[in-house]
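These are my notebook entries from an afternoon with one model. I wrote down what I looked up and what came back.

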Amino acid sequence: FSVCNRKGKTPRRPPPKKPSNNQKDPVGVYCRARPLGEEDEECCIEVISNTTIQLHAPDGLKANRNGEFKETQYSFKKVFGIKTTQMELFEDVAKPLVEDLIHCKNGLLFTYGVTGSGKTYTMTGSPGQGGLLPRSLDMIFNSISPYQAKRYVFKPDDKNGMEVQNQVDALLDRQKRESQTSVPKTPTTRRFDPEFADMISPEEACKASGVDEDSSYSVFVSYIEIYNNYIYDLLEETPFDPIKPKPPQSKILREDQNHNMYVAGCTEVEVKSTEEAFEVFWRGQKKRRIANTQLNRESSRSHSVFIIKLAQAPLDADGDNVLQDKSQVNVSQLCLVDLAGSERTSRTRAEGSRLREAGNINQSLMTLRTCIEVLRENQMCGTNKMVPYRDSKVTHLFKNYFDGEGKVRMVVCVNPKADDYEETLLVMRFAEMTQEVEVARPVDRPICGFAAGRRQRNQAFKEELTRRLEDRGGPVDGDSPTISGPNDNVTLPRLIEALEKRHKVRQMMVEEYNKTGKIITLFRTQDSNLLSKENFIQEQRGRLGEKDKMIQNQKNEIDRLEKKSKMLEYKIDILQKTTNIYEEDKRSLQQELESREQRLQREMSEKRRMESRMQGIVTDAKLKWEKECERRVNAKQLEMQNKLWVKDEKLKQLKAIVTEGKTENQQPKRPSREKDKVPGEVFKTRGGGQAVQFTDIETLKQENPLAASRKRRSSETGPDGEPMEGNWTDVETRCSVALEMRAGSNLGPGYQHHGYPKRRKP
Ligand code: ADP
Ligand code: MG
């Protein structure tokens, strides 16, 4: 079936149709709370306001989860409490959809909730408490019944389109259909099940406004059930075989040339009154019940879809017949869906195939949730993710509503009982999310070229014709004379007379008609002119409004930018000041740095100077000490040589003394060895001894320039402050002293005693 199929057949339209407007409306989500059942005690919901509902965890759950669950609030377009009547709900939820349907716009309405939450009660209702479906049907017929086309004037083709045929063909079709069915169908006189007859009380009847009287209407209904992801036609009339009952055949979904999904081969029953539509609906319900019992199905696991299709086409210029132009046929539809219970499988202890089926049902609701999620994400984040409509039959069927245009509404049903709390929580979350999805708003249908008021004019014309015919004695309805035979002398002349009169009247009327026709055409052209001008003005107004909005937006933007620029200027000012402060800081720091550098340089050069000075001192000292050491070594060497020589000399003298007695004549010889020669002269001392005059030492004195200073220094203090007495005594002196001592005594210990004082180390 088609969702957005506005035309019976529009092959010229490009296939991937996009809504021509870009206005969107969010999915309307309503919440209805049913009264607490008699057997239930604890209530876990509370209607806070007419848009907010609050859920609170039942006591048991609270205890189990350490009070982790608190109260949660959910807001919807409207929340209906337990006192809401079916009529009030209808007024808010379904009435606008029926209005739309009549004005060629599509709608989808579905109930969602846990089993037992009141989905079926809301959609179908009970005797005396008709739900949204019977009320919608009633409103449709209250609105269009005076303008309904004859049966079979509109004829569904097999490809989701709608044909239109003339009255004669329609009549032939009707006769054919009636002869086919064994029981003649006379719906207007048929007795309805009294249980359903009082679904809606007459005072509750309502009517759509602005119904186009110059169109002809026909209503078609289909009723399908989706169970275990199979589609079944509930209105299909299959000959019943009592011996071997055939299992119901499932249907498939197809896409029509406008890319709308429809159930291929699905029965579409044309209905002419609320009662007849009810009758068809209950027929389907009965079939559903039977199938469920026979096949041991659980009805809460099936989705039921009731589709109301409204075909409308303008009357021709005379306002007499439906215009025979398929392209002028508009088809809109309202889809009423009672979804399966949304609870998870675990709750109904299903097993085996039942469990599998339940899984499929769950799967389809799961797909619905996924589709809504993806749609929402695509719309909110501007992404272009693929919406998995095809994953289940239900969503595939709904595809056109979310992809195309139309109005989508959902009634979320909740049962306040504590047992349902957790499931209800999930339902609420899904419902809140659904509200964020937007669907393109349907555009107004194009106006047909004919002037308005055709039907009324035609009606008036017919009435006038009857009146005039009556005046002139013409045949009136129900007064048709009977001709007994070709020789009827009474009736035939009268008939001829009447026909002649009629002919004259007709000619007169044709003349009059032609006269008025001209005026009418004039009016019509003016009408259409006016209409186009009005359209133009409307369009311009719309544009003006848009421009106004744009200007306002831009003004706001300018205001915002001005504010921003002021703010920025202020910021710049502050930044400039800060920069100045920093620069000053920088300058002072740089100065300080420079002065420090200079100081550092000074210190460095000072250090270098000190270093070089120290180096000079060190080298001086080193040189001095080196020379000193050399000198001392030389002196010591000399001294030692002298000593050696003195000892040698003494030894010789001693030898001479010893040998004197033996060889008196023997003159003591000076040491013959050249090297033993004393660098001086030996002479006799007063004490009878000998002394040596060192000539070498004189030479040494002359050679060593330091000798004078050394002499001087000998009376001074040494490096350690002690007097260096005797240390630097002339060798000459020392030698003479020694010889004197030897002459005085016998070179005994006294010699040693008066020997040179021990030399101290410097
Ligand atoms: P569902 O279709 O969601 O499984 P039903 O519509 O079958 O639930 O409702 C279960 C029961 O609750 C029915 O007996 C129905 O009459 C009753 N019920 C549901 N909603 C209401 C309501 N708003 N007022 C009174 N009774 C209700
Ligand atoms: Mg139900």
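At what angle do the axes of helix 2 and helix 5 cross? I found that the axes of helix 2 (residues 86–93) and helix 5 come within 10 Å and cross at roughly 65 degrees. I took helices (H or I, at least four residues) and strands (E, at least two) as DSSP runs, numbered from the N terminus. Axes here are lines fitted to C-alpha atoms, for helices over the stretch in contact, and angles run from 0 to 180 degrees between N-to-C directions.

Before going on, I noted the ground rules. The model is predicted, so local features need pLDDT of at least 70 and side-chain atom pairs count only at pLDDT 80 or more, while totals for chains, interfaces and linings use all residues. Residues are numbered from 1 along each chain as its sequence is written, chains are lettered from A and ligands numbered from 1 in the order in which they are written, and side-chain values use heavy atoms, with hydrogens and water left out.

Entry: helix 2 and helix 5.
I looked up the handedness, and the crossing of helix 2 and helix 5 is right-handed. A crossing is left-handed if the near helix is turned anticlockwise from the far one by less than a right angle, and right-handed if clockwise. Helix 2 brings Q86, M87, L89, F90 and V93 to the contact, and helix 5 brings L132, R135, S136 and M139. Contact means heavy atoms within 4.5 Å. I sorted the residues of this contact by class and got six nonpolar, two polar and one charged. For the classes, Ala, Val, Leu, Ile, Met, Phe, Trp, Tyr, Cys and Pro count as nonpolar, Asp, Glu, Lys and Arg as charged, and the others, Gly among them, as polar.

Entry: helix 3 and helix 5.
The axes of helix 3 (residues 95–102) and helix 5 (residues 132–144) come within 10 Å and cross at roughly 40 degrees. Helix 3 and helix 5 are therefore oblique to each other. Angles under 35 degrees count as roughly parallel, over 145 as roughly antiparallel, 65 to 115 as roughly perpendicular and the rest as oblique. Helix 3 passes helix 5 in a right-handed crossing. From helix 3 I listed K95, V98, E99, L101 and I102, which meet S136, M139, I140, S143 and I144 of helix 5. The classes in this contact are six nonpolar, two polar and two charged residues.

Entry: helix 5 and helix 8.
Helix 5 packs against helix 8 (residues 274–294) at about 150 degrees, and their axes are 9 Å apart. That angle makes helix 5 roughly antiparallel to helix 8. I noted a right-handed crossing for helix 5 and helix 8. L133, P134, L137, D138 and F141 of helix 5 touch T274, A277, F278 and F281 of helix 8. By class I have seven nonpolar, one polar and one charged residues for helix 5 with helix 8.

Entry: the cores.
Which residues touch the most other members of the largest nonpolar core? This core has 54 residues, and I53, F76, F110, L368, F398 and F402 touch the most other members. A nonpolar core is a set of buried Ala, Val, Leu, Ile, Met, Phe, Trp, Tyr and Cys residues joined through side-chain atoms within 4.5 Å. Buried means under 20% relative accessible area, exposed over 50%, partly exposed in between (1.4 Å probe, protein chains only). I then looked up L368, leaving aside neighbours within four places in sequence, and L368 is in contact with F110, Y112, L339, T395, F398 and F430. A second, separate core has 46 residues, including F80, M123, F141 and F281.

Is N228 buried or exposed? N228 counts as buried, at 17% relative accessibility. N228 sits in the loop between strand 12 (215–227) and strand 13 (230–233). Phi of N228 is near 55 degrees, a positive value in a residue other than glycine. N229 is in the loop between strand 12 and strand 13, and N229 has a positive phi of about 65 degrees although it is not a glycine. N229 is partly exposed, with a relative accessible area of 25%.

Entry: the whole chain.
I counted 17 helices and 23 strands in the chain. Buried residues make up 38% of the 762 residues.
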